[in-house]
Structure formats: C-alpha cells, structure tokens
Amino acid sequence: MQNRTGILILTGVLAAICLYFLSFTFVARSIKADAEAYGTNKQGQVDRDKKQHYLDSLWKEPVYLGSTLQEVTERELGLGLDLQGGMHVVLEVSPSDVLRSLSGNNRDPKFNDAIKQSLEDQKTSSTSFVDLFVGNFKKLAPDTKLATIFATSANRSKINYQSTDTEVKKMLTTEVEGAVARAYQVIQARVDKFGVANPNLQRLPGSGRIQIELPGVENPDRIRRLLTGAAKLEFTEVYRLNELAPALEGMGAYLLRQETERKATAATAPATGTAATDNSLASQLAKKTTDSTGKAAADTAAGTALTQLFLPVGQDQLGVYLRDTARANDVLNAPEVRGLFPADVFFAWDRKSFKTTDGKEILPIFFLKKPGGRAPLEGDVITDATSDYDDRGRPEVTMNMNTDGARKWKNLTAANISRPVAILLDNLVYTAPNVQNEIPNGRSSISGNFTIEETKDLANVLKAGKLPAPTNIVEESVVGATLGSEAVNAGVLSSIIGIILVLIFVVFYYNRAGLIADLALFVNLFFLLGVMASLGAVLTMPGIAGIVLSIGMAVDANVLIFERIKEELAEGKGFKTAVSDGFKNALSSIIDSNVTTFLTGIILFVFGTGLILGFATTLIIGILTSLFAAIFITRLILEYYIRNGKTLSFTSKLATSLFADSNFDFVSRRKTYYTISSIIIGLGLISAIFKGFGLGVDFKGGRSYVVRFEKAVNTDEIRSALTPVLGAAPEVKTYGGTGIGSNQVKLTTPYLIDDNSRGADKQAETAIYKGLSSIKGNPARIESSQKVGPTIAYDILTSAIWSILLAVAVVFVYILIRFKRLAFGYGAVVALFHDVLVILAVFTIFNGWLPFSLDIDQAFVGALLTIMGYSMNDTVVVFDRVREYLNDNKGKKESIPTIINNALNSTLSRTAVTGFSTILVLLVLFLFGGETIRGFSFAMLIGVIVGTYSSLFVATPIVVDSLSRDKANEDTAVTTAKVEKKTGFDAVPTDFTDANPATPEEFTATKKEKKDKKPLIRPSQS
C-alpha cells in the first residue's frame, strides 16, 4: 500500500481533532449533570432556579482549556428540538404592512384591493409579494402610475412623481428586503435575551423568512409575544451618576444589609479590611455632592458592597460582571431600591458587553430619564438613516426625521448639549452619543469610533422604527420536554440494537474478516460524531436514523471489497495479490455508488429544513467518513496481516454455501416483473384518484397537536368532542402504540390558520382544551404542537417536488457521464420513478389501515430522496459489474441477456448482504425508534426492499432491452455497410416508397425482396 505512513498520520490527526471537539460535549454534559445534582432536593425534585443559578455562576467562567461554560456549550454536540423539547418558529415580515407604510397608509380602493388580492395569491405562488402586488395593481389600474401611490414626502429621497414603475418597483423590493434585514437584527437581539443555550437563528435564502430554534423553552406564549411584537425605538436623556448620588449610596446600604443577613454576623463585620477602599464609588459620589471629607465605617462598607456588584466603568457609567446581571436586576427591581431613585429613572443595559484585561466580561448599565414612563422621542419620526462617511473619511450614520420629529429633536438636543442621549431598541442601549449642539432641522450625524459594519448596524436599528412591519408566525412547532426525553430513549435504544445486530451479522457472514469490518465501522462512527461536533451540527431523531443508516450502508463498501477479494482468492491468487486486486477492482463501484447517494444528500441539504436538514447533514458526513474508514482503515489492517505473513478467512462455514454458483435467470422473466410493478403502480393510481393521500400539516397547512391522556382513548370520541368547538371535524389519529388502547393521539385542524393576530395560537389551544374537557375522567395534556400557514405549505410542497425532479436529473447526468451509454441512464431513471411510484402506491393504499401515520410530509420526502440515493447505490454497483462483463465479452458470441445474467449473479451475494444489513437496521428503527420517525422508517424500510428489487428486476432488464435494441440497429447498419462496400450499390429499405422512384424491374425485385425478406439493392441515385 502506497503512502501508508501518510495515511497513518492523517488518521491520527483526524482522530485527535475529533477527540478534541467531542471532549467539549463530555465536559458540558458533566457540568449539566453537576447542576442537576446541585438543584435536586432530598425528595428527588429538581429546583430549576437553583439549577440555573449553578449554570449562570459558571457561564462566563473558564471551565475547560480556557473556554467558558458558554463557549463549551456552544461547541458541544447539541440535541435537536425533537430530542430535548423546545420551539421551532419560522417568521415572515408582513410585506403588505411595509407597502402600506410606504404609501403613507393610502386609502385608494384599487391599491387596497391589489394588496388583498396579492395576499390571496401568495398562498399558492412562490412569486415575491412585490411582483404579485405590481401585477395586480396594473390589472386594476392600468393607467395609474405606481409613483402616484408611493411618491410621499417620506420617500422623496428615493422616488418622485416622475419615477417610472420600474424604479418604484425596485424601491419597494429594496425596502421590503431591508425590513427583513432589520427584523432579523431586532429578533437576534431579542433571542439573545431569552437565556437559551445554543439558539439557532438564520435567514432562509430567497424567502424573506427567518427561522428560529430555541431548545428547552417552556413558555411558548412568551416567545410568541417577544418574536412578533413591532420594534420599539426610543431616544432618551441620560442621568449622570452625581445626579443620583444619594440613591446610589442608599443602594449600597441595601446591599450591605443583604450581605450582613446572609453571613448572619454583626453589622460591623463586613467593614473589616476596607481601609483601602477610599476610592470607592460611594466616596467619589460623596465628594462630588457634599463638602464632607470623611465617612463612617458603615458608609465605607456600604460603598464597598456597592462596588462589588456595580463597577465604575468610565466617566459617569456603571457596569456589572456578566455573570451577575441576574442579581443586579433583582436588586434594581426591589421595591426598597426602586423607591430610592427618582420616579422617572429607567434602568437599561447596553447591547454589548466588553472584556477586561483579565478576560472577564462586563455589561454597562444606563440610568435613563423617562418622564411619565415614556421617552420624549420615538422611532416613528425617523424617515431615513444611512451609513456614510464624515469630512475626515470616518464612518458615521446620518439620520433624517419628519417635521414633528425635527421639532421634538430640536428641544431634546438643546436641553442636552454636552450630555449623552441614549438610542434604545427594545429597551437595549445601542449607543449613547454626546450632543455637540442644538440640531434644528431634524438632520443629524452620529459619529464616533465606529467601523463601517457598526454604522450599517446602527442605521438598520434607526430604520427599525420607521417601518412598523410586524412579523407573522407562518410555521411553528413546539415539542414538550417529556416527548423529547422519550425520543432520546427510543433513539439511543434503536441505535444500540441496530449497530449490535449489524456487527453480529457481519462477523457471521465474513468470519474473522468481519471483525475488521466492525472495527472500521466503529472508526466510522467516531469520525462521524467528531466531524458533526466540529461543525456545530445538531443531533435530531432523523439524524440518529441517518447515523444508524449510514452504518448499515457503510457495510456495503466493506462487502464490495471482501467479495472482490474472495473472487481473487477463488482464482488461486495469493493473499497479498488478492487483497491488492480486490481493492483495485472494488474502488470503481464504491466511488460510483457513494457519489450518487452523496448527491442525493446534497439535494436534501439544500432543499430540506428542520429535521430533514439534520438527517441530510448526518447522511453527507456519514458517507464521507464511511468511505475513509472502508478504503483506508480496512486496508491498513489487512496490510498489517500481510506484513506479518498472516492470512484471513473471508467466509464462515455457515455462509460458505450461500449464493455459491448461483445461476438465477433474471432477464428472461422481465416482462413478468414489469407486469407486477405495473399492477402495484396501477392500484396506487386508482387509490390516489378515489382515496387520495394523507397529507401532513406541513403540506396542506393547519395546526397539529400531539395530545396525551391519562387513560386509553377512542379517536371517534375525541373527534366528536372537538367538532363543536372547532367548527369542523378535525383529523384524529393514534400516535404511538398499536392503535388499540393508545393514550396518545395526533390531531390536525385548519382552525384559525389564517389568523395572524397575537392571540390566535392561544385561542386555538384553549379551544382544544375546552373540547377535550368534555371527555370526563380522562385529563389531557398537549405534548407538542405544530402550525404551518398556507403560504409556507405551498412553498414546502413546491420545494419537495423540485427536489425529487432534481435528484432524478442529477443521477441521470452522473450515470450518463460515468457509463457513457444512454441505456444505463434510461435504466436508472426508470428505476427511480418506479421506486417513487411504488412507495407512493403503498402509502395511499394502506393509509388508514395501519396503526401508525402514513402522512405525506417533509419527513416522507426526505425518506423518498434517501431511498432514491440507496436505490442508485444498489443499481450503480450492478451496472458497474454489467459494464465490466460487457467489456470482457467484446468479440465473443454470448448474447446480451446471458452476459447480464452472469453479471447479476456475480453481485448477488453483495446485494443480499447489503440489503439484509440495511433492512435489519431499518427494522430496528421502525420497531424501537419511536413515533417521531415511525412513518419515516417505514418508508425507508419499504424503499430499501423496493430499491433492491428494482436494481435487479427493473433497472437492469431496461438496460437489456435498450442494449439489445441498440445492438440490433448496429448489426443492421454493419450488414448494410458491408453490402454497399462489396457491390457499390446503396441498400434500399424493405418498404418501397414513391419518394425513391424505381424501374418496374426494381419494383418486381422489391416485391420479391419482401417475400424473401432480404435487402434490396439498386444503383445509387447520386
């Protein structure tokens, strides 16, 4: 083996990197376990506040290799929402509100009718809202320019009454996209305040939507309120510390009393050792406000207590260690402390913390002036804000206000010359610049030590108050902690059982060589988890399924290698030569088969969201790590045996006779297989027409709830109880169990799905509980919920269809490039469509008959694409051997069906071993993987069976028919060419036509040729 040393070094480096990143997971889990133990009382109950206090105390402290607990937690291999509970939300900025605001809330009836029609069209269209609106407006008012609606005083810097429709449309598009960017920035700041570990926030490209995942949240109503509220921008005056000196001294005394009570010592005890605290904040303030030069020991101690929590951080400003912000909030909001400050004081934190020289983080706090609890100026007066440069080339922000804002701004700046004015967004201080002079015209510039990125952010913040565009929740999923923990248990159990069964089977079939394959599988699993941890991937339930499936499919690479080595050994080659030739001959099949699955995984990754994205990530990484483990790790171990003069057995006594000298005739009965497949697909088509499919909530839109009862329930009883309160009968299915005696159901309803008001979600949940309360003696609890609006449901369905078609196209192109014959491309595409149609047929025929959900949803589409990848994996391995046999038999008299039959029989052992090990894993997932992936694993299970069937009985027979037809055409062409070369005449087609005039003698000859069925030749007309 060449470059053995290099591969060993690479393996060692990869192992060290994986171990490094996985170590953060072990440390984070260990600290969380310690926090759980700290918060658990003698009765075994967990005090969540006490547990959280333990974690907060370490959050910004170094706990491992110089990393704080926050950094360790961010690097751990996190769990998805389905495994730990939490909330998944997709927000959409309301473009209709943006357009209304840009029009100055124009009351033109045609404008408002165009908005209404565009909102309706958006439910079934992927076109942007601006394009829909412009199209509808021009239909309703073909002679009216858009500028007459949007050329307002607020927009005069961008458009005017002479602007063309194209220019106005461009402005509208820019402003809507800007609203999305501002909403993202606002929501990001809000999410940071939730205190959620590892929140995931991202913009969904090309959609104007924002996806948020918040693990472990327990109050969905609060999250909904915080996420959907309009941004609140304010300008306020700032108190100087010397103006609050008495209140700060009183707060120091309050902290001192608290400290004394906690220590339960004499009131003078805390004063010990404070002689060196003459520079305390209390002393500084006292010097500024009074003429007294000395303080009693108690006053000094109070100042010390104050500065232990509230630190001086520059001129007239305080700060708090980030780990102490919760305690500082408690102190500031205590009634006794609140009463010390003037009634118009408002406490606000800075948006960003800063690090001290010793690495500790401090968060500044501002004392603001809000007379009557209201800021003197709010963000609705902002007309525009842009990032610019001053006359010295330094980044700055320019800001314009309307007439009312300019008047108020003039008064505010005149009263605060040489004092700071704070700019707040959602009660966080973004900046507090000093006022240099009175600003009379509403046009201001904000300068400082800014970077260009910071000025862009600040401009966005200022514009957040300009367009009050609320965000609507178009998709939502809430998973309860109980359901999450059950999913973890089911996932771990199914994974362990599946892996053990695969390992045992490999050893059973390949004897001691199987142990080498098992070791390679362990290395593959280690690398897979390590790479996921290094990329910050999140482990979901479909992700676990992806891991187990990738292990099952990783067997295939080893099987291909071992089967090739067995063939080389059977030819009498030595062990060293057999291993070398086996790897060389298997490499083409391994690469081709894995590339097709990898391409499918890429498509899943691009088009998938949520759980499917987690599955795609795991699948892609698993393919790469399994290739590395099979090609390099297995080879290194076998090379070790070769160097030490040892050999290995690649078959067990029980498996020796399996598939030995197999001689099945796959090709001659191909019409029978075509008929069987056609009957299944035909039955599925009939069922789809008359019965339809069970569409999941993410494809048809609506609200879905998983509800758990104390006792077993009847679905008809639940349906009857909910129909009166929901106005229509909901869809109710058992969720988990066998369907008989189950205490858990999944119900779906379109109730209030078009209502985007804040209270709609709570109203729907209340209606569910009200209806279920009529079922006496059997209390119910909603364990998880999901909401998908009609617009996003259409987008998801469209994306799913495109992803399937793209997968087919990609696979066809790859096979055409690799095999260079259309016959193989035809066979692959027919097999893919065959697999998709058969699985769809199974799901429509058996929907409602089986005791688990057979809904067509995103998870099903993910399963379908994975099945297509697996089917191509199987098909390409067979095609590779067919191509090899065809090349080896060139010039021989064997027919194409015979050659291909021999090729299929030679790969039968590999097909059976890979198929059986994968089915084994999926069967375990189906039985023990939990209800979350029951439908997903069922689709995969059926798909692997159908995919294996199509590789042998559909794809390859299609190749036989296509190649036979091509060969017949080639033979005819060769015969014709030989005749023409020998006689100098052109061969005439069998059928006589007037297009080629002939003499009577030739016509007679033509009739004779038809009778004799021999080619007719005549002089060339040329």
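This is a predicted model: local features need pLDDT of at least 70, side-chain atom pairs count only at pLDDT 80 or more; totals for chains, interfaces and linings use all residues.
Biologist: How many of the six residues of strand β7 are buried?

Modeller: Strands here are DSSP runs (E, at least two residues), as helices are (H or I, at least four residues), both numbered from the N terminus. Buried means under 20% relative accessible area, exposed over 50%, and partly exposed in between, with a 1.4 Å probe and protein chains only. Strand β7 covers residues 233-238 and is largely enclosed by the rest of the structure, because the number of its residues that are buried is six of the six.

Biologist: Which residue of β16 is the bridge partner of leucine 233?

Modeller: Two strands pair if DSSP finds at least two bridges between them. Strand β7 and strand β16 (residues 421-425) pair in the antiparallel sense over five bridges. Within that pairing, the partner of leucine 233 in β16 is leucine 425.

Biologist: Which residue of β12 is the bridge partner of glutamate 237?

Modeller: Strand β7 also runs antiparallel to strand β13 (residues 377-378), joined to it by two bridges, and there phenylalanine 235 stands opposite leucine 377. With strand β12 (residues 361-369), β7 again pairs in the antiparallel sense, over two bridges. In β12, glutamate 237 has as its bridge partner lysine 369.

Biologist: Which residue of β24 stands opposite valine 706?

Modeller: Strand β24 (residues 780-788) is mostly covered, with seven of its nine residues buried. Strand β19 (residues 471-479) runs antiparallel to β24 and is joined to it by five bridges, with valine 479 bridged to serine 784. Strand β21 (residues 702-709) is likewise antiparallel to β24, through eight bridges, and the residue of β24 opposite valine 706 is serine 784.

Biologist: Which residues have the most contacts inside the largest nonpolar core?

Modeller: A nonpolar core is a set of buried Ala, Val, Leu, Ile, Met, Phe, Trp, Tyr and Cys residues joined through side-chain atoms within 4.5 Å. The largest such core has 131 residues, and apart from it lies another core of 53 residues, including Leu318 and Val461. In the largest core, the residues with the most contacts are Leu638 and Ile900.

Biologist: What separates the C-alpha atoms of isoleucine 499 and isoleucine 551?

Modeller: Isoleucine 499 is found in helix α18 (residues 481-510) and counts as buried, because its relative accessibility is 15%. Contact means heavy atoms within 4.5 Å, and, leaving aside neighbours within four places in sequence, isoleucine 499 is in contact with Leu525 and Ile551. Isoleucine 499 and isoleucine 551 are 52 residues apart along the chain, yet their C-alpha atoms are separated by 7.4 Å.

Biologist: Why are aspartate 581 and lysine 584 separated by about one helical turn?

Modeller: Aspartate 581, which is buried with a relative accessible area of 15%, forms a salt bridge with lysine 573 (2.8 Å, N to O). Aspartate 581 also forms a salt bridge with lysine 584, the closest N and O atoms being 3.9 Å apart, and lysine 584 is exposed, with a relative accessible area of 59%. The separation is about one helical turn because, in helix α21 (residues 575-607), aspartate 581 and lysine 584 are three residues apart.

Methods:
Residues are numbered from 1 along each chain as its sequence is written. Side-chain values use heavy atoms; hydrogens and water are left out. A salt bridge is a side-chain nitrogen of Lys or Arg within 4 Å of a carboxyl oxygen of Asp or Glu.
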